[in-house]
Amino acid sequence: MENIAITQEVKPPNTSKGPVKWLQDNLFNTWYNTILTCLALVFLFFVFKGGLTWIFTQAEWEVIPANLQILMIGPYPIEQAWRIWIVLCTLFVLLGLSAGVWKGLVLRISAAIAIFGLILLLIPLDVVKNSEAEYAVLEFNFNIIYLIFLKRTWLLGGLVLFIVTFFLGRDKNVLKRWVIGGWVLSLPYTMMVLHGFGENSVSTTHWGGLFLTLVLAAAGITMCFPLGVLLALGRRSQLPAIKWVSTIYIETIRGVPLITLLIMGSVLFPIFMPGDLQLDKVLRAELALILFSAAYMAENVRGGLQAVPQGQVEAAQAVGLTYPKTMLFIVLPQALRAVIPAIVGQFISLFKDTSLVTIIGLLDLLGIARSVLANPTWQGRYIEVYLFVAAIYFVFCYAMSYVSQKIEADLGVGKH
Amino acid sequence: MHHASNTMAQNSTNIPFYRDIRFLKVFFQILFLIGLILLAGFLYSNMLHGLRRQNLPLDLSFLSSEAGFGISEGIDYDPADSYLKAFWVGVVNTVKISIIGIIFATVFGFIFGIARLSSNWLIRNIAAVYVEIFRNIPLLLQIFFWAALTRALPMVTNSITISDSIVLNVRGIYLPTLERTPEFNTWLSYLFAGIILAIIVVFVLAAFRHFGRLSEVHHTDRPSFISDIIFGTKWAAAPTFLIVAIAGLFLTSEPPFVVNRPELQGFNYVGGMNFTPEFSALLIGLTVYTSAFIAEVVRSGIQAVVKGQREAARAVGLKESQVLRLIVIPQSIPIIVPPLTSQYLNLAKNSSLGTAIGYPELLHIGHTMMNQTGQSIPIFGMIMASYLIMSLTTSAFMNWYNYRITRIGRSS
């Protein structure tokens, strides 16, 4: 057998290209692949036929435009919606400045977000009219056209601000620390603007929809990250008391489901608080989310810490850096870079986990979708509503994982 | 030398205690612990106040009193049973859905994980789309979706039946089961005979092998009789046993099993196995969601086996199936097992989402008990302890398994 192979003439590699060649190589290269291809084609035919027939002929999509506002901002009063738009415009300003100052990956990500905004501007989802939709929007005694016009104006304003600040911030390195400061302050700023003061303030009981989901996720991500780093450092600390407390905390939290923590926050928390102190429901859920995610974040960061060679720490000590400086400037930058995919994966999990607040009665995107379905007008429209909501979750999660892949490639993780 | 160490000792005594690292280490830990104890004490006193306010003394005696609420599915239970029994029903339900879910998720996860590495473009991309879609949509949303679908199934009289054996209706999913007949015991004795015969065959073959080689091999190199059985002839056991077992199927006067199909009697289906709508929805949700993650674990595990290993295997002339069986899979299993374990644990913990669609699992029953008795603190303790025990035993078992296979990998 081997002898024959040696004497056989070896053909030059096939360099021919074209669709037929591609089909041959990728779909029909062996007999079993041919069978698999045929089966897959039959499967796809039925899936697409069934799916498309349902989407275009059987589904009743009016439920989405009629409830779009509810799905987006929940019971947030429409007269106060400008607060949300102000926050969005501020974020566009920060994004534009960051894109101009840093360029590269930051520019590409912000540009993608801006393009997404532009697409939203052009989609006529909320313009679709029918009797029920009109009724749902007119309840607020506003003119539909005026409302739609207002929404477009805000969004357009945000996009214009983005472009203007991008050109303003271009190549201005001095702006860097100001922009970072701006991002740090953006969370408390957002909360203050959204909540407001005085008689016009909007209490968190009126927060809902996609807006609440995004607030929960954003606050959760920004808070659980530093807490997770601290816990990871604590678990690797040489001080036994700190090490053991961190370890017990991490393992206990990782051993129980998030929903028990959320229910605990809503049932047990009041018992453990002094006297009449009552934290609001959203804040308690947010706390449970942060405390839960931090334990997982700690484990991811710990993986990165373990990958940093001991010599780095010793070298830092040799040049006289203190423990905080060693960690902040030497160890953590290397550790975090190694585990970016895991950290972003945790952010994605946190984003999906915000949907569990539905169970304790908050009206996040999923919760509000369920309340729409509970309305007798829209009874039985659950496939349409759930598909729409699922698409929103999917876009955000997929975008995050895509960005993480890009960051990974940009930093060359695994190549050095 | 002596002088130098002397000055060092002097230096260390010169450092004021508040800058001495040894002192500071102990000091900060004590400070940290004192802070922790103060916090715990604060919470404890609040708890006592809170409980007094609600007139609810901490007391475990409620566990033995009558529960009084019904549970829609699970092991034998009556509303007159105690709270402890009700809680146990929840634990069993959680374990049940977790184990079945893990089995299904593993099967589908491996199928889709391997499909993602297929040389067939279509198969590869179908698997990729499956993984990306179901990984990026919250599990709770998926479970709600499946629950809504199972609730929208037709009424009993209009049930969907598939080849007369699988029935779908609003009361759940009915599957056929195998049931024993009186002849089963006869067949059992054939199985027993099969085991004995298999042992005899293995021993006889080993004896032939052992004594047949007496003359060939020098007696000090000769493997022992036991190792002849273990390495030489144990293969004969399984076929012998199977032949006897199958022969037994034909020799019994009637088949030892009959298929028990669900059949419509009156207004309900009887017979076979019934999965309630809640159980089915939760099972589908957990399986689909977790299998997408397991597929990624499997794919990255197989891809982590360096390319050179495959190329070397092909170079020494192994067939493609042998490359997979002998080279790739043994090396990827140790990489796959740890993340697979955490996926199993996630599935078990995620089964608590069944509470949102009314599947009577641990958390759901715990919640009902809290609402009835108001004893939220001890019940929460029980719930968390149950989850922790499940997590710890699963991870202990998987760690043991991982340790075993990595050791085999190294020794051979």
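Modeller: Start with one bridge: Leu168(B) has Ile173(B) in E3(B) as its bridge partner. This is a predicted model, in which local features need pLDDT of at least 70 and side-chain atom pairs count only at pLDDT 80 or more, while totals for chains, interfaces and linings use all residues. Residues are numbered from 1 along each chain as its sequence is written, and chains are lettered from A and ligands numbered from 1 in the order in which they are written.

Colleague: How many bridges join E2(B) and E3(B), and in which sense do the strands pair?

Modeller: Two strands pair if DSSP finds at least two bridges between them; strands (E, at least two residues) are DSSP runs, numbered from the N terminus. E2(B) and E3(B), the latter residues 172-175, have three bridges and pair in the antiparallel sense.

Colleague: What is the strand order of the open sheet in chain B?

Modeller: The order is E1-E2-E3-E8, four strands with antiparallel pairing. E1 (160-162) and E8 (273-275) of chain B are at the edges with a single partner strand each, so one side of each has no neighbour in the sheet.

Colleague: Is Ile166(B) buried, exposed or partly exposed?

Modeller: A residue is buried with 20 or more other C-beta atoms within 10 Å of its own, exposed with 12 or fewer, and partly exposed in between; C-beta atoms are placed from the backbone. Ile166(B), in strand E2 (residues 166-169) of chain B, has 15 within 10 Å and is therefore partly exposed. Ile166(B) is also 9.1 Å from Gly272(B), C-alpha to C-alpha, although 106 residues separate them in sequence.
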